[in-house]
Protein chains: 2
Amino acid sequence: MSLELIANNKVHGGWHKRYSHKSTVNNCTMTFAIFLPPGVDETAKAPVLYWLSGLTCTDENFMQKAAAFKTAAELGIILVAPDTSPRGEGVADDPEGSYDFGLGAGFYVNATEEPYKQHYQMYDYICTELPALIDEHFPSNGKKAISGHSMGGHGALVIGLRNLGQYTSVSAFAPITNPLNCPWGEKAFSGYLGKDRESWKAYDSCELLSHTPADKCPPLLVSQGMSDNFLESQLRPERLVAAAEQADVSLCLEQHPGYDHSYFFISSFIDQHLRFHAQYLS
Amino acid sequence: MSLELIANNKVHGGWHKRYSHKSTVNNCTMTFAIFLPPGVDETAKAPVLYWLSGLTCTDENFMQKAAAFKTAAELGIILVAPDTSPRGEGVADDPEGSYDFGLGAGFYVNATEEPYKQHYQMYDYICTELPALIDEHFPSNGKKAISGHSMGGHGALVIGLRNLGQYTSVSAFAPITNPLNCPWGEKAFSGYLGKDRESWKAYDSCELLSHTPADKCPPLLVSQGMSDNFLESQLRPERLVAAAEQADVSLCLEQHPGYDHSYFFISSFIDQHLRFHAQYLS
């Protein structure tokens, strides 16, 4: 598969690049951003941290606002930030044009409902197509971890927990822990997956974690701002804690007083997440 | 004067806040952003670094993209980022709607031409009105430094060099060094200041620096990316070097291969600029 370079910026001695490519699984052109730390090449390969963004984001938000480059450069970690949904002509959007369904809101699922199933195959895109593309075109050493924010925190947890052994470590900022039982999740899963709630369980991190064998579970770190406007209505980290207890799995939940749902929060703790992943990626 | 709080985000243990207020000199409502490092209050005051942004920016770009908070928190420096022009109903814009004149492009001058002189008094706003407001409402200790990017680099150099003794130190990223003799400057100064080029000289950092008494000149740091698309046509740092030589003043010009004009460049070297200013602010 071929990549088209659409941006190229030197940053902290490495390179931020944006590419577009034809996605087979999403049946449209997709865009992603990558950070290549200094000194990484075919003779000195590096591990990859995949970052899944939240509602309304593109590949650009994390790269512009997370302040991750200095520490990623120091640790020698490649960062990959995909878009949050398929896009382009012919890609169905929410008919009502809301921010929490359709474009910018793929929820990292494989849609089974019309008309979304033609393009919204974000789970396969993140788990399979994108990593294959990264490994083909960039000097990755095959080790990978995953993190994300809000909808992307949900995505990171679900993908890490459904693919045990594939990601060295999983972290999330303010994740939607239990989309089966919150307004954002119920709206998105109804639209993408239909009315049968049984089919939703494969995309719910509380459901998945509660059934994860403790000896197979990757290290988990979750950071949550305690002044986050979505804490009570959408995020519910205590349910993830309960699922971890049920599975007898260690979960590190850090609760940070005063922090909200924004990139100001993410940028305050991204270094800590990078160092968490570096322990397992190196 | 009263301030209206319009955003409030905890970041790196401190607070990012946005305020709007009625500006007397600009005769309109202005917006600025401030970062208050942790631990700063009326019993533990801190110095202020004023940041002047470039064309098209608002108070938000630096705060979201520069990755300055971690080091500013560590050093105990208050950051203030004003908007780049007056705005709002009745504020004249470029009739042609260009990006480099009018809204988002105040060039940090006091306009003397109609219709711009009604509102475009950014020089007085940055030098006088805004610092008075900051000192009145926030725990600043009275020490201040100034920095900026591109059009804001021009603004920082001009304001630092016209107000000797008031700013402990002056720095700039990719500044427009010689607006008297570059397309951006000629367009802006013609529109705001009129046809008499003599009146432009008060806003040209090369002109000002060449006549600055060496013993009165603040410490100067300029960083320039060598893959900056505007280097040859608009920025011309070598002219600032020549002016410094003429005045027998020390100027540190750092030229960084591969870096462009974006916030990826700024975020790579903002820590260094903060540490430069901290030497003199503390």
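1. Buried area is the accessible area, found with a 1.4 Å probe, that two parts lose on being put together, summed over both. Between chain A and chain B, that area is about 1900 Å², and carbon and sulfur atoms give 51% of it. On the chain A side, K10(A), Q64(A) and F264(A) supply 34% of what chain A buries against chain B, more than any other three residues.

2. A word on the source: this is a predicted model, where local features need pLDDT of at least 70 and side-chain atom pairs count only at pLDDT 80 or more, while totals for chains, interfaces and linings use all residues. Residues are numbered from 1 along each chain as its sequence is written, chains are lettered from A in the order in which they are written, and side-chain values use heavy atoms, without hydrogens and water.

3. Now look across the interface. Contact (heavy atoms within 4.5 Å) links 24 residues of chain A with 24 residues of chain B. The rule for a salt bridge (a side-chain nitrogen of Lys or Arg within 4 Å of a carboxyl oxygen of Asp or Glu) finds 2 of them here. D271(A) forms a salt bridge with K70(B), with the closest N and O atoms 2.6 Å apart.

4. Next, visit helix α8 of chain B, residues 237-247 (helices are DSSP runs of H or I, at least four residues). Which residues of this helix are buried (under 20% relative accessible area, 1.4 Å probe, protein chains only)? They are P237(B), L240(B), A243(B), A244(B) and A247(B). These residues lie on the same side of α8(B), because they cover an arc of only 110 degrees around the axis, taken from the directions from the helix axis to the C-beta atoms. The face turned away carries E245(B) and Q246(B), which are exposed (over 50%).

Technical notes
Helices (H or I, at least four residues) and strands (E, at least two) are DSSP runs, numbered from the N terminus.
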